Every structure is written in C-alpha cells, then in structure tokens.
Amino acid sequence: SFNDLQPLDGSTIMVLKDVWLDSDLETEGQKLDAIFEKLKEIARHLNEGDEGLEIFNGLGEKLENALKLCLKAGSWGQYFLTKVCDWQGCESKKAPPAASDRTRTTTLQATYPVPVAQNQLPRRYCPKRQYRIIFEEVCEALHDVEQLRDVATALLDSLMFLAGWVHRDISSGNIYAYRFQESGTDKVRGILADLEFAKLFEAERAEGSSDPRTGTAFFMPVEIQRQILFYNPAASRKMPSRVKPKNKEPDNNNNKSSSSSEESSDEEASESDLKRSIGVIHNFEHDMESIFWLLLWILSVRFPPERTAQQERECQRAVSTIFQNTSQCPPEREQIFTCKGALELFLKRWINPDLKLFGHLVWLRTALAVGYLQRAFNFNDLASYAELYHYVSTVLESCRTAAEKLVPGSPGLTPGSVHPAHVIKRKADVGGGDGNKSSSKVGRVEGSTDAASSRTLHQQDPEVSEHEASGQSAKAG
C-alpha cells in the first residue's frame with residue numbers, strides 16, 4: 001500500500017519523469033521514437049552501400065568511421081535513455097485571454113549567489129497535459145560527475161545531429177553519465193536526454209519566423225539570446241586550421257575589443273539577405289555552441305585550479321557576469337564569443353593551466369564564430385555543421401586526455417565547492433514562435449542535483465505550483 005512502501009522481490013530501480021507539457025506538443029517518448037526511425041533510415045542507406053551521405057561530409061575520418069560503425073551495428077540506443085513505458089493524463093483548464101498579457105520582474109541567481117535582475121517578456125499561457133515516462137537507466141547529471149575525464153566522455157556521446165534533430169536545451173542537467181560494467185571493467189558513456197524542446201530541423205519551414213528562446217540560460221547560444229544573426233558580409237569567413245593547436249598562453253596585450261577575425265571582405269548584403277536575417281532559427285551549431293559554454297563553465301567553476309580567497313572572490317565576479325540566469329545576453333558574454341582577447345584573458349586567469357586547453361578553447365570558439373559567418377543564410381548546408389563537429393570532438397578528446405594525464409586529486413580534477421544547484425533550469429518565457437515549451441522540473445535519483453535544482457526554483461519562484469514540478473525514482477518489478 002502507499003502507507004507501507006516496500007520494494008518488490010526482484011525489482012529494479014528505474015527513473016520516473018513527471019512533467020506538464022503544452023497539450024498540443026509531442027511527448028518525449030514520441031520524439032525518441034521519431035529520432036530512432038530517422039537513425040534506422042540512415043543505417044539502412046549505409047548497409048545498402050550508400051556511404052556518401054551529406055551528413056558525414058567534413059566530419060573527419062576517425063569520427064566518420066566511428067559513427068558509421070555505430071549506425072551499421074544499430075547500437076545508437078545506448079546513447080539515449082531507454083523508454084520502459086509512458087502515460088499521458090488529462091488536459092488542464094484553458095487560461096483566460098488576459099493571462100497572456102501578464103509580465104513580471106524577478107531576481108534570480110547567477111553561477112554564484114549573486115543577485116541578477118531579470119525583466120521577463122510576456123508569458124504565454126496554454127492548456128497543459130501531465131506526462132509521465134519511466135526510463136531504465138539511472139544516471140548522473142553532468143554537474144554531479146566527479147571526474148573531468150568522465151565529463152568529457154559524456155559530452156562526446158551525441159547522435160542528435162545525425163538524426164536531423166536539434167536538442168535546443170543542451171545543459172549540465174540534460175547530459176548524463178551512465179556507469180556500467182563491461183567484461184568486469186567499469187565504463188562510462190554519455191546520454192543526451194530531456195527532449196521536451198527537441199525538434200526536427202526544417203530550415204525552409206522555419207524561415208520567416210523566430211523560434212522562442214528556449215534552453216537553459218547559462219548555456220544558451222548568443223544568437224538565440226539576442227535573436228540577431230552573427231552573419232555579416234564584411235566579416236572574415238576563414239576557418240582555422242583543422243590541425244589541433246598547441247597550447248599557448250594568451251598574451252596580456254590581446255585584450256582588445258576588436259573582431260576575433262581580423263580579415264575583412266568588401267561583399268555587401270543584398271536587400272533579400274537583410275530581410276531574411278530577421279529572426280533566428282535554432283540550428284545544429286547552436287547546440288554545439290551550448291557545449292562550448294557548458295565546457296567553459298565546467299572548467300572554470302566545477303574543476304578550478306587552486307585559488308586564494310581573494311582570487312576566488314574575483315573569479316565569482318568574473319564568472320557571474322558571463323553566466324547569468326536570464327534570457328537576455330550580457331555584454332560580457334557576447335564579448336567572450338566575438339571580441340579578440342576577451343576569451344583569452346578569461347582563460348588565463350580562471351582555467352587550470354596544467355590542463356593545457358587555452359589554445360584548444362580559443363580554436364573552438366574561432367571555428368564556431370567563423371561557422372556562423374560562412375554559412376550565411378544557407379541553414380540547410382549540412383556539411384557546414386558536420387565540419388564543426390570535428391572541432392568540438394577534438395577539443396573534448398583533448399580535455400579527456402589532459403584529465404587522464406594529471407594526477408588524481410590534483411587541482412583541476414577535483415570538483416569545486418560551488419553547488420551545481422546554482423544552475424537553475426529556467427525556460428525563457430517568450431510569446432509567439434512555435435511554442436515548443438514545457439514545464440519540466442525533474443528529480444532523477446537519490447543524490448541527483450536535478451531534484452535540488454527543482455527545490456531551488458520553487459523557493460525563488462512561488463508561482464510554480466507543486467503539480468507542475470515533480471519527479472522521483474520508481475521501483476519497477
């Protein structure tokens with residue numbers, strides 16, 4: 001009975017996810033099924049001898065071979081949570097028309113306990129439907145993972161791009177490390193989950209409209225926050241060398257507010273180009289940029305070098321100006337991505353030099369910035385995204401290698417004291433667009449910080465009702 005909960009004999013611990021979704025949206029289970037069907041289609045082409053698919057152009061031989069091997073073997077399911085069963089409840093009452101005009105101002109926390117004022121745009125209200133799904137794997141959220149090498153491994157494992165889907169909410173709470181044993185050896189693999197915001201990427205259908213600014217604010221791409229494209233016909237579009245860079249400490253004299261690409265072009269934007277630049281379509285590179293911000297946050301906050309008390313206070317101020325829980329892009333954050341010297345100075349001051357990742361992170365940032373420029377308005381150019389995966393995967397592999405070389409327990413390998421519950425998962429409230437939103441605050445398993453994040457959100461936002469945010473571990477026989 002509910003008054004005397006006892007595990008059944010032979011039962012297995014699983015994860016129950018309980019959310020309230022917009023009533024007209026696809027569920028996470030439906031999206032998982034659609035992604036798997038797309039991957040099956042690609043696998044069928046490969047097994048029939050069609051090796052020249054556009055999605056593999058530019059990936060690089062090593063990454064391309066690994067992904068093709070996974071697809072041909074049909075083993076992509078290991079990189080997603082395994083759905084055991086799911087259920088949809090009844091629809092909530094419709095909100096009165098006046099509810100959509102409501103606005104509010106709140107004070108939220110940044111990376112450290114520094115108040116950040118947030119003026120939110122009008123909220124969109126629509127009927128909700130309760131949705132529950134049980135997953136087989138019990139995992140750790142990325143912000144709970146204790147080893148840097150495991151963080152890098154988890155970030156490397158993602159197949160969303162191959163399926164033609166964008167996740168739109170890459171964060172430390174949506175990427176998991178799953179631990180298992182293989183031939184008596186402890187293993188870790190990454191799982192990309194929480195697909196409420198995921199959607200099939202269809203650039204033509206999205207043109208002329210703007211998706212709402214979805215995602216977790218700390219790791220949200222700058223274009224999505226600002227709703228303005230980086231593309232500028234006068235900017236350089238020269239991709240950095242594909243050869244992995246040597247680590248080089250930034251020069252103190254590089255802190256200049258100039259473009260990260262010094263070359264320029266005399267090409268002018270046409271009137272049609274300027275018209276099409278209105279509104280930003282969430283694409284595959286935006287997911288990759290979120291990984292860049294996530295890695296930068298992890299290295300500076302979760303795995304910091306040794307610091308004095310004064311240095312720690314200074315770091316708190318620096319990090320809190322970049323990682324804020326607001327859908328509005330802080331100028332310091334934009335400078336990190338667009339201004340020469342800003343990222344270099346941040347890395348030199350706040351990232352562990354023993355990891356030797358200065359050059360790699362600047363290299364990745366440059367590739368992403370140039371990627372936006374080279375693509376212009378050709379959002380369906382899959383090869384332009386595939387090329388960037390080479391840079392992302394190379395940096396993550398270098399991060400994992402660097403972590404393995406350092407002595408366990410040394411600075412930069414031991415998680416910092418900042419509690420990851422400060423990464424408050426909050427969706428930007430924006431009217432219009434495709435309305436692909438959810439009210440999802442999920443507690444995963446005992447010790448998981450997803451539950452802590454939900455409690456923190458409830459304490460700061462009394463308007464979130466209890467029935468909109470519940471999650472628990474479940475015993476399934």
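Me: How do the residues of the lining of the largest pocket divide into nonpolar, polar and charged?

Reply: Start with the general idea. Rolling a probe the size of a water molecule over the atoms shows where empty space is left. Now the case here, in a predicted model. The lining of the largest pocket has 24 nonpolar, eight polar and twelve charged residues.

Me: What volume does the largest pocket have?

Reply: About 940 Å³.

Me: Which residues lie nearest the centre of the largest pocket?

Reply: Leu63, Thr153, Leu156, Asp157 and Ser158. They belong to a lining of 44 residues.

Me: Which element gives the most to the lining of the largest pocket?

Reply: Helix α12, with nine residues.

Me: Let us stay with α12. At what angle do α11 and α12 pack?

Reply: Helix α11 (residues 358-375) and helix α12 (residues 382-405) pack at about 170 degrees. Their axes are 10 Å apart.

Me: How do I read that angle: are α11 and α12 roughly parallel or roughly antiparallel?

Reply: Use the cut-off. Angles over 145 degrees count as roughly antiparallel. The two helices α11 and α12 are therefore roughly antiparallel to each other.

Me: Which residues make the contact of α11 with α12?

Reply: From α11, they include Trp363, Leu364, Leu368 and Arg375. From α12, they include Tyr385, Leu388, Tyr391 and Val395. By class, the contact has ten nonpolar, seven polar and two charged residues.

Me: Now another helix pair. How far apart are the axes of α8 and α10?

Reply: They are 11 Å apart. Helix α8 covers residues 309-322, and helix α10 covers residues 342-350. The angle is about 150 degrees.

Me: Is the crossing of α8 and α10 left-handed or right-handed?

Reply: Left-handed. On the α8 side, the contact is made by Gln311, Glu314, Cys315, Ala318, Val319 and Ile322. On the α10 side, Phe346, Arg349 and Trp350 take part. The contact has six nonpolar, one polar and two charged residues.

Me: Which residues line the second largest cavity?

Reply: Glu223, Leu229, Phe230, Tyr231, Asn283, Tyr372, Arg375, Ala376 and Phe379. Their classes are six nonpolar, one polar and two charged. Look again at Arg375: this residue lines the cavity and also takes part in the contact of α11 with α12.

Methods:
Residues are numbered from 1 along each chain as its sequence is written. This is a predicted model: local features need pLDDT of at least 70, side-chain atom pairs count only at pLDDT 80 or more; totals for chains, interfaces and linings use all residues. Side-chain values use heavy atoms; hydrogens and water are left out. Axes are lines fitted to C-alpha atoms, for helices over the stretch in contact, and angles run from 0 to 180 degrees between N-to-C directions. Helices (H or I, at least four residues) and strands (E, at least two) are DSSP runs, numbered from the N terminus. A crossing is left-handed if the near helix is turned anticlockwise from the far one by less than a right angle, and right-handed if clockwise. Contact means heavy atoms within 4.5 Å. Ala, Val, Leu, Ile, Met, Phe, Trp, Tyr, Cys and Pro count as nonpolar, Asp, Glu, Lys and Arg as charged, and the others, Gly among them, as polar. On a 1 Å grid over the protein atoms alone, a cavity is a set of points where a 1.4 Å probe fits but cannot get out, and a pocket is an open set with protein on both sides within 12 Å along at least five of seven lines; lining residues have an atom within 4 Å of a point. Angles under 35 degrees count as roughly parallel, over 145 as roughly antiparallel, 65 to 115 as roughly perpendicular and the rest as oblique. Grid points are joined across faces, edges and corners, and a volume is the space filled by probe spheres set on the points.
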